[in-house]
Amino acid sequence: MSELADLVQTFEHPRGADADTVLDELTASSLRHMIGAQHAGITVAAPDGSVQTVSATGPLPVLLDEISQRHHEGPCLSAVWEHSLIRLDSVVDEQRWPRYCRDVAAETPIRSTLAFQLFASDGTSGALNFHAEQPHAFDDDAVELGLVLATHVALVWHMVRRDEQFRSALASRDIIGQAKGMIMERFGIDAVQAFELLKRLSQNSNTPLIDIARRLVSRDAASR
């Protein structure tokens, strides 16, 4: 488990760390620890019902998520939306999710799945999923191990989102700063007056302030 802890510690220092790379490494590391599994992935479901694979060890987890979205059912979606843990022992014998299991059996070699909810906030939820090409691949020990692995992944996911929000905030601040500088230079006003002008433009046009700033900066760049 030390490499999982190392990855969590690595992402506590986001400078130079790529979020997608860290998640992919964490998913691959989780798979190496999960006995019986040959594939793993992280599924995210949005409030509009769309399903996205944000990390996968190969093409099969992506295909399984596509089948889940096709039928709006499956163990990964159930873990995301309803429960913290879902175990599917055999797609051939499973009575839940009949359309999902039918297509999985027909289109993939996957026969059992273990899925753990990662988070549920802002209307968006995720799950860490392990898949095996044999039925009944996951016993109670695998469940306990998976809970530990999912905890590590959830910690990294939280840090990924925090870092993305931080980077976005920095980028927005820089763009607004550029727009303020343009207005100050063009109209001979100070920074406070320039920001108040941006706010009025935003309010009068019912447009987010950052979008106003982006338009001004883009127009200035295009005119050069």
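K199 is partly exposed, with a relative accessibility of 29%. In this predicted model, K199 sits in helix α7, which covers residues 191–205.

Is N206 buried or exposed? Its relative accessibility is 73%, so N206 counts as exposed, the cut-off being over 50%.

You'll find H72 in the loop between α3 (59–71) and α4 (75–81). With a relative accessible area of 55%, H72 is exposed.

Now for the inside. The largest nonpolar core has 25 residues, and the members that touch the most others are M34, L114, L118, L128, F130 and F138. Which elements give two or more residues to this core? They are the helices α2 (19–33) and α6 (140–187), along with the strands β1 (39–45), β4 (112–121) and β5 (124–132). Helix α6 provides the largest share, eight residues. There's also a second, separate core of 18 residues, with A79, V80, V91 and A115 among them.

M34 is a handy place to start exploring the largest core. Leaving aside residues up to four places away in sequence, M34 touches L114, F130, F138, A142, L145, G146 and L149. Two of these contacts, F130 and L114, also belong to the group of core residues that touch the most other members.

F130 brings us to the aromatic rings. How many aromatic pairs are there? The count comes to one. The rings are those of F116 and F130, with centres 6.4 Å apart and planes at 80°. Because an angle over 60 degrees counts as edge-to-face, that is the label this pair gets. F116 belongs to strand β4 and F130 to strand β5, so the pair ties together parts 14 residues apart in sequence. Both partners are hidden away: F116 counts as buried at 1% relative accessibility, and F130 counts as buried at 0%.

Methods
Residues are numbered from 1 along each chain as its sequence is written. This is a predicted model: local features need pLDDT of at least 70, side-chain atom pairs count only at pLDDT 80 or more; totals for chains, interfaces and linings use all residues. Side-chain values use heavy atoms; hydrogens and water are left out. Helices (H or I, at least four residues) and strands (E, at least two) are DSSP runs, numbered from the N terminus. Buried means under 20% relative accessible area, exposed over 50%, partly exposed in between (1.4 Å probe, protein chains only). A nonpolar core is a set of buried Ala, Val, Leu, Ile, Met, Phe, Trp, Tyr and Cys residues joined through side-chain atoms within 4.5 Å. Contact means heavy atoms within 4.5 Å. Rings of Phe, Tyr and Trp (its six-membered ring) pair if their centres lie within 6.5 Å; planes under 30 degrees apart count as stacked, over 60 as edge-to-face and the rest as tilted.
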